[in-house]
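Have a look at the model below and keep it open while you read. We'll go through it piece by piece.

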Amino acid sequence: MYNTKFKEGHIELKHVLYMTGKTLSAIGIVEIVAAITSLLYREWNMLFNLMIGIGLFFIISFIFIFIGRDTKEERFSWGAGMSMVALTWALGALISAVPPYLSGHFASYLDAFFEVMSGYTTTGLVLIQDLDHAPMGLNMWRHLICYIGGQGMVLMTLSFLSSGMRGLLKAYMGEARDEQIFPNVMHTARIIWSVSILYLVLGTFVLTINGVLIGLPLDMAFFRGLWMFLGGWDTAGFAPQSQNAMYFHSLSYEIVCMTLMILGTINFALHYFILTGNYKEGIRNAEIKSLFTTVTILSFLGAVALRGIYPNGLASFRKTFYHFLSAHTGTGFATIYPQQFLYEWNDTAIILITIAMLAGGSVCSTAGGIKALRIAILANALVNDIKKMIKPDSAVVVEKFHHLKEITLHDKLVRNASIIILLYIVTFSFGTLAGTFLGYPLKAAMFESASALGNVGLSIGITQPSMPDALKIIYIFMMWVGRLEFMSVIALFAFLFKEAKEG
Amino acid sequence: MMPRKILLLTILIFVNLICLFYYAFAKPVDSTTLLNNSFKYDGKTVEFQGEAIGEVMKRGKYAWVNIHDGQNAIGVFMKYEDAKKIKYLGRYRVKGDTILVKGTFFRSCKVHSGETDIHALDVQILERGYKLQEKIDMKKALFAIMLFSAGSILIWFVFKNKW
């Protein structure tokens with residue numbers, strides 16, 4: 001642990017504010033892209049809405065940076081680093097919601113905040129109204145939010161604005177990034193961005209070509225391609241039209257989106273390994289094996305549960321496998337309407353897809369949920385315990401698994417994974433209970449609770465502007481803690497309590 | 001033979017009257033009813049009315065047009081000849097043409113590998129869409145320019161001082 005001199009004058013709080021200010025200013029800079037889009041399409045009112053948002057970001061950033069300007073050379077403690085992340089995500093979402101709210105496409109500021117938090121946490125649950133008539137600038141902002149959130153707000157700042165700062169590892173870890181590709185955290189952050197930008201160019205190009213081939217005009221093929229890429233790669237599930245992925249009526253478009261969902265849910269470190277020629281890692285990696293196993297089993301069981309619902313194998317692939325993949329990767333792209341989950345899918349299929357939503361993708365990816373690596377760790381721990389039971393008392397059983405390197409299965413690893421899984425289950429139960437308490441059927445409440453907590457975005461019909469405000473607030477909280485994997489949020493409350501106690 | 005002809009004529013008139021009443025009083029079904037009762041309406045001929053949105057996506061001699069009835073948008077598969085009748089498609093600042101489609105609803109269409117869609121038999125333009133003029137809110141514009149300028153200066157100050 002670093003030796004810090006944080007007791008006097010709330011230096012640590014000032015440093016948290018300083019780093020928060022830096023990150024908020026970076027988000028403001030990204031928002032300029034949306035403003036330029038509005039300018040290009042002469043959407044004047046939306047342009048002014050976005051300018052208000054950018055101005056707010058810059059002014060609030062300035063205040064925070066000014067307060068903490070002398071703490072630039074300080075190092076974070078773990079608690080402060082994680083608190084800074086949780087604070088940045090909450091404030092970032094609050095300010096980002098201003099332009100969408102001013103656009104008139106939301107019934108209330110709470111709805112706009114819900115949508116923005118859904119975007120940042122790459123959930124994809126939406127409360128926007130009349131999306132089909134939304135300005136281009138608003139759609140651009142909604143999807144950029146997904147990109148920032150998917151990569152990580154703080155990670156973005158680390159990559160571009162934090163040269164020379166210290167103690168950034170804690171902030172990096174606070175965004176639910178469990179591992180580094182390189183010992184230097186800024187180097188890791190830049191690699192993550194390089195991988196993302198490579199896929200951004202490739203993915204948008206493929207979707208644009210596909211869009212033209214299915215009958216879209218070139219400009220809209222490009223924008224819809226870009227937005228669908230951002231929604232798919234960031235496993236957010238936002239789409240520019242109210243029909244989500246159904247808008248395109250194209251199997252090829254859906255297959256490209258499925259590919260993006262899979263790519264988005266894979267660990268950034270693994271992407272880097274494969275892109276640099278280490279293909280074997282893709283086969284040996286325990287996390288990939290775990291992901292492949294659970295996706296296959298759940299999709300197969302889902303297809304069995306829904307036999308007879310769809311007329312042929314291809315229809316079943318587009319409606320069953322697509323949604324199990326969308327759920328498991330935490331994306332939330334949909335090719336059926338929310339009502340169809342409720343009225344066409346049976347209870348077994350709903351339970352299976354709820355499990356898929358909670359299971360989630362890889363650690364150090366844009367996906368949410370419990371994560372495949374933790375499931376692999378628990379599965380290995382179970383196997384290890386069974387081996388211990390079978391073998392003689394004198395035998396020493398050492399279980400290892402391969403994830404980027406050979407890892408020995410220590411109790412600490414198992415304990416950490418178990419705590420996170422336990423917190424997910426408790427929060428999921430709380431969300432389900434809240435849904436049923438507010439009058440929704442059990443299976444619908446389970447589905448939506450898993451979707452919010454697992455940062456998925458599929459909806460069974462609960463999430464709409466008319467839902468109770470209390471449930472909106474609960475889902476916002478669930479999306480937030482689900483994306484940051486609890487610890488940062490717990491650290492923020494503990495940190496604020498400590499600061500208040502010290503006066 | 002005469003009574004037989006009269007009987008046939010009476011039946012014909014009766015059938016025509018039923019059809020007339022059916023078309024005069026039949027209301028287009030809304031998307032929520034269709035989707036909430038998708039098994040019931042599957043394969044049935046329905047009338048669906050709403051605003052054409054987005055883009056016409058041409059596929060050979062046919063095209064996909066998404067029609068939004070205020071609750072949900074449903075994809076309608078129609079002849080490209082019919083799609084060409086649509087002049088305005090709903091998007092920002094454009095109110096799309098209001099379309100009445102008579103066609104077959106499919107909960108999970110075999111032809112289109114599982115799509116929930118309507119295959120149009122007849123397409124009518126009920127109301128032509130239009131372009132909307134954007135009214136600029138001058139107070140908001142002034143406030144936005146001031147806030148943006150102030151924020152930009154302050155952030156420039158941060159960069160200049162390397163804070």
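The UniProt annotation "transmembrane region", from an unreviewed entry, falls on residues 141-159 of chain B. What does the chain do there? Bear in mind that this is a predicted model. Over residues 141-159 of chain B the chain is 100% helix and 0% strand, with the end C-alpha atoms 27 Å apart.

Now zoom out to the rest of chain B. Its secondary structure comes to 5 helices and 7 strands. Reading from the N terminus, the order of elements is α-α-α-β-β-β-α-β-β-β-β-α. How does chain B compare with a compact globule of 163 residues? Such a globule would have a radius of gyration near 15 Å, whereas chain B has 26 Å. The C-alpha trace of chain B spans about 105 × 35 × 30 Å along its principal axes. As for burial, 32% of the 163 residues of chain B count as buried. And if you take the contacts in chain B between residues at least 6 apart in sequence, 57% of them join residues at least 24 apart.

Next, see where the two chains meet. Chain A puts 48 residues into the contact and chain B puts in 42 residues. On the chain A side, the elements giving two or more residues are helix 2 (44-67), helix 15 (313-328) and helix 16 (338-344). Helix 2 of chain A gives the most, with 14 residues. By type, that side of chain A divides into 28 nonpolar, 13 polar and 7 charged residues.

Staying in chain A, move on to helix 17 (residues 347-359). Its 13 residues should span 18 Å at 1.5 Å a residue, and its end C-alpha atoms are 18 Å apart, so the two agree. Is helix 17 of chain A mostly covered or mostly open? Mostly covered: 10 of its 13 residues are buried, among them A:Ile350, A:Leu352, A:Ile353 and A:Met357. What do the buried residues pack against? Their partners in chain A are helix 14 (286-305), helix 15, helix 16, helix 18 (372-390), helix 19 (411-437) and helix 20 (442-453).

Strand 1 (residues 400-403) and strand 2 (residues 405-408) of chain A pair in the antiparallel sense over 4 bridges. A:Phe401 stands opposite A:Ile407 in strand 2 of chain A. With 1 residue between the strands, the turn holds A:Leu404, whose phi is positive at about 70 degrees.

Conventions: Residues numbered from 1 in each chain as written. Chains lettered and ligands numbered in written order. Predicted model: local features only at pLDDT ≥ 70, side-chain atom pairs only at ≥ 80, totals over all residues. Contact = placed C-beta atoms within 7 Å. Nonpolar A, V, L, I, M, F, W, Y, C, P; charged D, E, K, R; others polar. UniProt positions renumbered as here; feature names shortened; annotations may be inferred. Pairing = 2+ DSSP bridges. Rg over C-alpha atoms; globule rule 2.2 N^0.38 Å. Buried ≥ 20, exposed ≤ 12 C-beta atoms within 10 Å, placed from the backbone. Expected span 1.5 Å × (residues − 1).
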